Amino acid sequence: MQPMKPWLDSAGRPVALGLLAMLAASCTSAPYTHRSQLMLMSESQDATLGAQAYNQVLSKAKIDNDPKVNAIVQEVGERIARVADRPDYKWEFRVIDDPKTVNAFALPGGKVAVYTGLFPVAQDSAGLAAVLAHEIGHAIARHGAERTSQAMGAQVVGTVLSVGLGGTNPQTANAIMQMYGLGAQVGVLLPWSRTQESEADHIGLILMSKAGYDPEAALALWQRMEKLEHKGNSSPPPEFLSTHPGSGTRQHDISAWLPEARSYFHPDPNARVVPLPMPPGK
């Protein structure tokens with residue numbers, strides 16, 4: 001068996017140090033939580049990709065143009081967008097007519113869509129505010145760009161490792177690289193995704209409170225979400241292999257953040273809590 005070559009020799013060291021220096025220089029922090037983030041994409045790149053993805057989704061979707069439905073989504077969305085303090089974002093709110101999809105999303109640059117299947121779970125404009133604030137939290141924390149940057153960073157570290165393994169027995173090097181790939185996915189990329197989901201919950205609580213919606217509505221929303229999950233026949237994946245925190249973890253964290261969120265909450269009579277229109281058959 002050949003002895004392993006020192007993992008970083010004189011030929012590979014300049015490349016490795018250059019790549020690692022690039023990673024070290026690309027750090028920023030998330031709003032409100034101040035968590036350190038790796039960010040290898042510019043905001044303009046982020047917004048361009050967000051707009052492209054948004055247009056792609058809308059081109060294949062059935063848009064709901066009901067004035068009553070859109071007025072509620074627009075009002076709630078705009079209130080949250082104002083307190084998000086990103087005037088450079090070109091905020092846009094659309095409703096997608098899909099009663100089977102319980103979802104909403106916000107893309108880089110302020111492109112937001114809500115599926116009508118979410119309405120029975122959200123129930124009213126306060127529940128909708130909890131969802132939209134969570135999604136807008138993803139957007140202003142630039143979680144999409146961060147996730148892309150994480151994947152790019154993992155590739156960089158993999159490149160450094162492969163350079164260092166240049167003289168190693170090919171079978172040994174291949175086994176190490178496979179272990180690294182699995183470790184990066186399970187040990188880094190997925191937990192960071194769960195961190196982003198929790199962070200969006202945290203930021204979302206603050207945003208909805210600043211917009212005049214009682215943050216208690218977020219806890220009630222996720223309790224209803226948990227009941228909906230339990231109605232399904234398939235079990236969710238283990239939490240450590242999921243991109244989302246478990247329902248119990250999520251509710252526990254939200255309860256812990258409520259005192260902070262309440263410090264931002266000032267009841268606003270203009271933040272009307274009204275029932276959401278229900279899709280047919282609901």
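Predicted model: local features only at pLDDT ≥ 70, side-chain atom pairs only at ≥ 80, totals over all residues.
Biologist: In what order do the elements of the protein run from the N terminus on?

Modeller: The protein contains nine helices and five strands. Buried residues account for 44% of its 282 residues. From the N terminus on, the order of the elements is α-β-β-α-α-β-β-β-α-α-α-α-α-α.

Biologist: What share of the accessible surface of the protein belongs to carbon and sulfur atoms?

Modeller: The accessible surface amounts to about 14,400 Å². The part of this surface that belongs to carbon and sulfur atoms is 58%.

Biologist: Which strands stand at the edges of the open sheet?

Modeller: Three strands form this open sheet, with mixed pairing, in the order β3-β5-β4. A strand with a single partner has one side left without a neighbour in the sheet, and this applies to β3 (92–96) and β4 (104–107). From one strand to the next, the twist averages 15 degrees. The edge strands are therefore β3 and β4.

Biologist: Which residue in β5 stands opposite Val95?

Modeller: Strands of a sheet pair through backbone hydrogen bonds, in either a parallel or an antiparallel sense. For β3 and strand β5 (residues 111–115), the sense is parallel and the pairing extends over five bridges. Opposite Val95 stands Val114.

Biologist: At about what angle to β4 does helix α5 run?

Modeller: Helix α3 (residues 67–84) packs on the sheet by touching β3 and β5, and its direction makes about 145 degrees with that of β3. Helix α5 (residues 125–140) lies across β3, β4 and β5. The angle of helix α5 to β4 is about 30 degrees.

Biologist: How many residues apart in sequence are the parts tied together by Lys111 and Glu92?

Modeller: The side chains of Lys111 and Glu92 form a salt bridge, at 3.7 Å from N to O. Lys111 belongs to strand β5 and Glu92 to strand β3, so the pair ties together parts of the chain that are 19 residues apart in sequence. Lys111 has 14% relative accessibility and counts as buried, whereas Glu92, at 26%, is partly exposed. The separation asked for is 19 residues.

Biologist: Which helix holds Glu197, the partner of Arg250?

Modeller: Arg250 and Glu197 form a salt bridge whose closest N and O atoms are 3.1 Å apart. Arg250, at 6% relative accessibility, counts as buried, and so does Glu197, at 8%. Arg250 lies in helix α9, 53 residues away in sequence from Glu197, which lies in helix α7.

Biologist: With which residues is Gln251 in contact, leaving aside its neighbours within four places in sequence?

Modeller: Gln251 is part of helix α9 (residues 247–262). With 12% relative accessibility, Gln251 counts as buried. Beyond its neighbours within four places in sequence, Gln251 is in contact with Leu219, Trp222, Gln223 and Glu226.

Key:
Residues numbered from 1 in each chain as written. Heavy atoms only, no water. Helix = DSSP H or I, 4+ residues; strand = E, 2+ residues; numbered from the N terminus. Buried < 20%, exposed > 50% of the residue type's maximum accessible area, 1.4 Å probe, protein only. Areas by Shrake-Rupley, 256 points an atom, 1.4 Å probe, with all protein chains shown as cover. Contact = heavy atoms within 4.5 Å. Pairing = 2+ DSSP bridges. Axes fitted to C-alpha atoms, helices over the stretch in contact; angles between N-to-C directions. Salt bridge = Lys/Arg side-chain N within 4 Å of Asp/Glu carboxyl O.
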